[in-house]
Every structure is written in structure tokens, then in C-alpha cells.
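Thanks for coming. I will take one structure today and go through a few parts of it. Please bring it up on your screens.

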Amino acid sequence: MSFPYGSTLKLTATFKNAAGQIADPTTITVSTKAPGANGDVVIKSYLVDPEVVRDGVGVYSYEVTLSTGGTWTCRFVGTGTVKAASFDYVIEIERSIFGT
């Protein structure tokens, strides 16, 4: 699925412990990779960066504005009490004649 250039998307991850119950990891990071071989990787952390939000027990979200056309990748990672990584979000952003 593709989205228009400049879209802001809310990405969500739910973390579960070894017993399969929804639980909070000790730390949460969200990595976002911009398009291209040299695309910047931006890492945001819960309780450090306001863009990473706890929506409920074990449920976290991140709003990202995708300002470059091409393929973006985002991943949530939990460590500590619940060690887990979400699947990669692969997002296709349409190129714009007014931007990149």
C-alpha cells in the first residue's frame, strides 16, 4: 500500500511476555529508516522522545511524517522485562513533483 508524499502515519506495536500476556518492556525504541541506500536511520525512545507514546499496557505508538518519496521501514523493539521486536513496517511513499 502506498501513501501520498508528506503523509503522517500512526504506527502501533503490542508487546507480549513469554506467557503470551500483553506486558510492558523496560525500554522501547522505534527505528525509522528513510528511503535509499544511504537513508538516515532515526531512533526514538519511549520516555525520552515525545513521539513514542504508551497507549496502554504493552501498547505503544509512534507518529512519523514521511517526507521523502520511496520505501520507508520502521521497527519497534522492546528490551528488559519483555524482549521483543515488532515486524518491520514497510511503507511506500509516492514521489512528488514538488519534493523528493
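I start with Thr 32, which counts as buried because its relative accessibility is 3%; buried means under 20% relative accessible area, exposed over 50%, and partly exposed in between, with a 1.4 Å probe and protein chains only. This is a predicted model, where local features need pLDDT of at least 70 and side-chain atom pairs count only at pLDDT 80 or more, while totals for chains, interfaces and linings use all residues. Residues are numbered from 1 along each chain as its sequence is written, and side-chain values use heavy atoms, with hydrogens and water left out.

Thr 32 belongs to strand β3, residues 27-33. Strands here are DSSP runs of E with at least two residues, helices are runs of H or I with at least four, and both are numbered from the N terminus. Setting aside neighbours within four places in sequence, the contacts of Thr 32 include Tyr 62, Val 64 and Trp 72, where contact means heavy atoms within 4.5 Å.

Next, the aromatic residues. How many aromatic pairs does the structure hold? There are two. Phe 15 and Tyr 60 make an edge-to-face pair, 6.0 Å centre to centre with 70 degrees between the planes. For the terms: rings of Phe, Tyr and Trp (its six-membered ring) pair if their centres lie within 6.5 Å, and planes under 30 degrees apart are stacked, over 60 edge-to-face, the rest tilted. Phe 15 sits in the loop between β2 (8-14) and β3, and Tyr 60 in strand β6 (residues 59-65), so this pair ties together parts 45 residues apart in sequence. Both Phe 15 and Tyr 60 are buried.

For Tyr 46 and Tyr 60, the ring centres are 5.2 Å apart and the planes at 75 degrees, so this pair is also edge-to-face. Tyr 46 is in the loop between β4 (41-45) and β5 (52-56), 14 residues from Tyr 60. Tyr 46 is partly exposed at a relative accessible area of 25%, whereas Tyr 60 is buried at 2%. The ring pairs join Phe 15, Tyr 46 and Tyr 60 into a cluster.

Pro 25 is in the loop between β2 and β3 and is buried, with a relative accessible area of 7%. Not counting residues up to four places away in sequence, Pro 25 touches Phe 15 and Tyr 60, among others.

Now the sheet. Three strands form an open sheet, ordered β2-β6-β5, with antiparallel pairing; two strands pair if DSSP finds at least two bridges between them. The edge strands, β2 and β5, each pair on one side only. Between β2 and β6 there are seven bridges, and Ala 13 has Tyr 60 as its bridge partner in β6.

Last, the salt bridges. The whole structure has two, a salt bridge being a side-chain nitrogen of Lys or Arg within 4 Å of a carboxyl oxygen of Asp or Glu. Arg 54 and Asp 24 meet at 2.8 Å, N to O. Arg 54 is in strand β5 and Asp 24 in the loop between β2 and β3, so the pair ties together parts 30 residues apart in sequence. Lys 44 forms a salt bridge with Glu 51, with the closest N and O atoms 3.6 Å apart. Lys 44 counts as buried at 18% relative accessibility, and Glu 51 is partly exposed at 32%.
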